[in-house]
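Please keep the sequence and the model in view while working through the points below.

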Amino acid sequence: MSTVLTVNAGSNSLKAHLVDTGSEEVLDSVDVEGPPDADEARRALDDLLDGADDVVAAGHRLVHGGPGLRAPTLVDDDAIAAAHRAEALAPLHVPPALRLLEVLRERLSGVSHVLCPDTAFHTDLPEVAATYPLPAEWRERYGLRRYGFHGLSYRWALDRAAVLLERSADGLSVLMTHLGGGCSVCAVRDGRSVDTSMGFTPLEGVPMSKRSGSVDPGMLLWLLRNGIDLDALEHGLNHESGLLGLSGGRSGDTRDLVAAAGEDPAAALALRVFAHRVRRELAAAATSLDRLDALVFTGEIGWDQPEVRADVVAGLSLLDIPRDLTAGTDGDGPVSPPDAVVPVLVVRPREELQLCRDTLAAL
């Protein structure tokens, strides 16, 4: 038996798994809240690896691959240099992931390491979807384009949807939404990402747990001219907005907000705004498709919170998406009626398994 270590470093969390390469079974895992390169996280990784003597490779999730990393890539000096050039594009995620990579290259010096960019799934976005309406000089000088994110999650969810629909993934045209701490929407036509709500950075698109998503750029300019400095603006957009800001600081967790919505108008408003913005992005992404084979929910919220799914689909009847969903089960499957014109599916997020697949493919 051989295993792959999968490493998913968030801005303030670490998830690591040992995955059997034959069965794709998770043999052991650690989940640490806190900086992924802190002492606690390193001790957890050491404990995880102490009992594993059959690790053949390590796959590292990289939130942003930038222009230089467009597919899962074997780690060498060139790959690390390309990843460092993407640090400023996702400053909350890429720097700690690269620091942890260096730690693990020392700890596992005898195995191959692979960087798996979340942006890789969207590498071939059509030009019309990837291009921002900005001056050509800016776009060319700074490499401004839509990258898209949550690619590991979307790749896994697309393949699972194909199994559930008994279709080939390459022939599917679906809308997908990853709803979790970060949130986005993606349109897939014939198995290829053709539009997505996140863009140059993971801050664009729908509201998230603490991130704002898209807001009027003119409003941001106004704030900068009227007393908010750049650091405060950056912090507010990334850490004090989204569901947390909408609920008046109550919580960025939809579970808390669902529980409080009956008595707290701010919590109820946060959920309504969130569902409105997600469904609006889904409807917009649908214009990139010539048909709709399914709507797929994934991410921890998308998979595990029927109340949020029901709120999102409530305004999508124009797309033949049914409103009467079931609560779902612990597994993957449909939550729409059997006769639905457009089935609604839920897929458990399994980024660790997609990391394993991408790592082995890169090798």
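Leaving aside its neighbours within four places in sequence, which residues is Thr-298 in contact with? They are Ser-153, Ala-157, Thr-177, His-178, Leu-179, Trp-303, Val-347, Arg-348 and Pro-349, where contact means heavy atoms within 4.5 Å. The model is predicted, so local features need pLDDT of at least 70 and side-chain atom pairs count only at pLDDT 80 or more, while totals for chains, interfaces and linings use all residues. Residues are numbered from 1 along each chain as its sequence is written, and side-chain values use heavy atoms, with hydrogens and water left out.

**Residues in strands**

- Thr-298 belongs to strand β10 (residues 294–298); helices (H or I, at least four residues) and strands (E, at least two) are DSSP runs, numbered from the N terminus.
- Thr-298 has a relative accessible area of 1% and is therefore buried; buried means under 20% relative accessible area, exposed over 50%, and partly exposed in between (1.4 Å probe, protein chains only).
- Arg-61 is found in strand β4 (residues 55–62), and its relative accessible area of 12% makes it buried.
- An unreviewed UniProt entry lists Arg-61 under "binding site"; UniProt positions are given in the numbering used here, feature names are shortened, and annotations may be inferred rather than shown by experiment.
- Not counting residues up to four places away in sequence, Arg-61 touches Val-7, Asn-8, Ala-97, Cys-116, Asp-118, His-150, Leu-152, Glu-351 and Leu-355.

**Around helix α3**

- Leu-101 lies in helix α3 (residues 94–107) and counts as buried because its relative accessibility is 1%.
- Beyond four places in sequence, Leu-101 touches His-60, Val-75, Ile-80, His-113 and Leu-115.
- Leu-101 and Gly-59 are 42 residues apart in sequence, and their C-alpha atoms are 9.6 Å apart in space.
- His-93 lies in the loop between α2 (77–85) and α3 and is buried, with a relative accessible area of 12%.
- Outside the four places on either side in sequence, His-93 touches Gly-10, Ser-11, Val-63 and Arg-211.

- Helix α6 (residues 151–165) has 15 residues and reaches 21 Å from its first C-alpha to its last, close to the expected 21 Å; the expected span is 1.5 Å times one less than the number of residues.
- The buried residues of α6 include Leu-152, Ser-153, Trp-156 and Ala-157.
- Glu-166 follows α6 and has a positive phi, near 55 degrees.
- Helix α11 (residues 265–285) has 21 residues and reaches 30 Å from its first C-alpha to its last, close to the 30 Å expected.
- Among the buried residues of α11 are Leu-271, Phe-274, Val-278 and Leu-282.

**Nonpolar cores**

- The largest nonpolar core has 52 residues, and Leu-175 and Leu-295 have the most contacts inside it; such a core is a set of buried Ala, Val, Leu, Ile, Met, Phe, Trp, Tyr and Cys residues joined through side-chain atoms within 4.5 Å.
- The largest share of this core, 8 residues, comes from α11.
- Why does this core lie between domain 1 (3–117) and domain 2 (166–351)? Both domains give residues to this core, so it lies between them; the domain bounds come from an automatic or database domain assignment.
- Apart from this core lies another, of 22 residues, among them Val-4, Ala-157, Val-188 and Val-296.
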